[in-house]
Amino acid sequence: MHQWITGSLPFWAWLLARTLGWTAAASIRYQNQPVDVVEMLAWGSRWEWGYYKHPPLPAWCAEMAAWASGGWLPAVYLASYLFLAAGIWAAWRLARELLGPDRAILAVLPLEATCFFTWMGGELNHNTALTGLWALGIWSLWMALAKNAWPMWMAYGAIVGLGMLCKYNMALLLAWQALALLALPEGRRALATPKPWVAWLGGLLLFSPHLAWLAGHDWITLHYLAARGGTRGGLAAGAMGLLGFLAEQSWMAWGLFIPLFALMGGRSRPAGTKPELARYLAITTIGPLATILLMVLLGKKVIVATGTN
């Protein structure tokens with residue numbers, strides 16, 4: 001426990017302050033409940049294994065936060081920022097291994113310039129919940145590979161299952177994580193053991209009640225996704241859609257470019273860098289992003305803004 005705290009007090013102080021501060025800001029900002037929060041509370045009041053748009057976990061969390069606080073809405077906003085805090089923590093833990101403990105906080109501080117983690121982060125929905133579990137999924141698989149211990153593999157499986165109970169997009173990360181295991185020597189060695197397979201099975205078991213619910217409700221969420229999706233006509237329309245996508249994401253998430261500029265301007269590799277971790281992160285971050293960009297270019301309608309869509 002001591003090594004988790006030593007040299008980490010600035011990070012923990014910032015994480016606590018930003019979580020409580022942005023929760024207070026959301027409480028002041030939202031004179032009326034955001035649409036997503038209303039929807040989550042409406043769904044969560046009826047405990048089901050699925051709802052017509054999405055899996056159930058964020059709605060359950062909204063209902064639990066409201067119930068535990070006696071219906072105090074800021075508790076729901078806090079639950080949303082806690083999901084984001086979990087994602088920030090996972091990124092920081094990976095940065096400690098990649099850059100060293102002294103520089104790790106510099107890798108996550110730019111998130112304060114990203115609206116998804118700040119003024120838009122109070123709307124508890126499937127995207128904010130998935131953000132935290134996505135980052136935890138990347139961290140937990142790396143830790144499972146590094147430690148090669150059953151508890152870490154099972155933790156990874158549980159995070160995978162919970163991520164799928166948030167939003168089906170988690171499957172995209174799973175696909176690229178599987179490719180990462182095949183690409184890395186550590187991953188290929190792990191695949192020769194039962195540990196990753198048992199972890200994936202555990203995640204599937206956690207997700208299976210939702211699958212059973214889907215089968216009993218005519219696969220309603222998939223029909224919804226099919227109706228909301230679609231394809232733009234022609235490559236030109238796809239290219240325009242890609243430009244619009246990049247423009248929208250650039251102004252909303254410009255803070256993420258700050259660490260990239262710092263890396264490009266650096267002349268030496270930080271002492272804490274681990275090449276195998278760098279390769280793993282490249283596959284599991286650039287891979288999903290490239291997939292989304294390719295889908296947009298090919299004309300697929302991709303809903304990217306925060307919200308329950």
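Here are some notes on this predicted model, point by point.

1. **Ground rules.** The model is predicted, so local features need pLDDT of at least 70 and side-chain atom pairs count only at pLDDT 80 or more, while totals for chains, interfaces and linings use all residues. Residues are numbered from 1 along each chain as its sequence is written, and side-chain values use heavy atoms, with hydrogens and water left out.

2. **Overall make-up.** The protein has 15 helices and 0 strands; both are DSSP runs numbered from the N terminus, with helices being H or I of at least four residues and strands E of at least two. Buried residues make up 46% of the 309 residues. Buried here is under 20% relative accessible area, exposed is over 50%, and partly exposed is in between (1.4 Å probe, protein chains only). Of the contacts (heavy atoms within 4.5 Å) with a separation of 6 or more, 77% are between residues 24 or more positions apart.

3. **The core.** The largest nonpolar core has 77 residues, and those with the most contacts inside it are Phe11, Val76, Ile88, Val108, Trp139, Trp153 and Tyr280. Helix α5 (residues 73–99) gives the most to this core, with 16 residues. By definition, such a core is a set of buried Ala, Val, Leu, Ile, Met, Phe, Trp, Tyr and Cys residues joined through side-chain atoms within 4.5 Å. Have a look at Ile88: leaving aside residues up to four places away in sequence, Ile88 touches Phe11, Trp14, Leu15, Arg18, Val108, Leu111 and Phe117.

4. A search of the whole structure finds 15 aromatic pairs. One of them is Phe11 with Trp92: the ring centres are 4.0 Å apart and the planes are at 5°, so this pair is stacked. The pair links distant parts of the chain, with Phe11 in helix α2 (residues 9–29) and Trp92 in helix α5, 81 residues apart. Phe11 is buried at a relative accessible area of 2%, and Trp92 is buried at 2% too. Ring pairs also link Phe11, Trp12, Trp14 and Trp92 into a cluster. For the cut-offs, rings of Phe, Tyr and Trp (its six-membered ring) pair if their centres lie within 6.5 Å; planes under 30 degrees apart count as stacked, over 60 as edge-to-face and the rest as tilted.

5. **An edge-to-face pair.** Trp197 and Trp200 form an edge-to-face pair, 5.4 Å centre to centre with 80° between the planes. These two tryptophans, Trp197 and Trp200, are 3 residues apart in helix α11 (residues 195–216), so about one helical turn separates them. Trp197 is partly exposed at 48% relative accessible area, and Trp200 is partly exposed at 21%.

6. **Helix α3.** Helix α3 (residues 35–44) is largely enclosed by the rest of the structure, because 7 of its 10 residues are buried. Those buried residues are Asp36, Val37, Glu39, Met40, Leu41, Trp43 and Gly44. They pack against α4 (57–68), α5 and α7 (126–147).

7. **Salt bridges.** The search finds 3 salt bridges, each a side-chain nitrogen of Lys or Arg within 4 Å of a carboxyl oxygen of Asp or Glu.
   - Arg18 pairs with Glu112, the closest N and O atoms being 2.6 Å apart. Arg18 lies in helix α2 and Glu112 in the loop between α6 (104–108) and α7, so the pair ties together parts 94 residues apart in sequence. Arg18 is buried at 4%, whereas Glu112 is partly exposed at 28%.
   - Glu39 meets Lys53 at 3.2 Å, N to O. Glu39 sits in helix α3 and Lys53 in the loop between α3 and α4, 14 residues apart in sequence. Both Glu39 and Lys53 are buried.
   - Glu97 meets Lys274 at 3.1 Å, N to O. Glu97 counts as buried at 18%, and Lys274 is partly exposed at 31%.

8. **The surface.** The accessible surface comes to about 15200 Å², of which 71% belongs to carbon and sulfur atoms. These areas come from the Shrake-Rupley method with a 1.4 Å probe, and for residues only the protein chains shown count as cover. Leu201, Leu204, Leu205, Leu211, Trp219, Leu222 and Leu225 form a nonpolar surface patch of about 610 Å² accessible area together. Patch residues have over 30% relative accessible area and no salt bridge; like charges are joined within 9 Å, nonpolar side chains (Val, Leu, Ile, Met, Phe, Trp, Tyr) within 5 Å. The largest share, 4 residues, comes from α11. Leu205 is found in α11 and counts as exposed at 54% relative accessibility.
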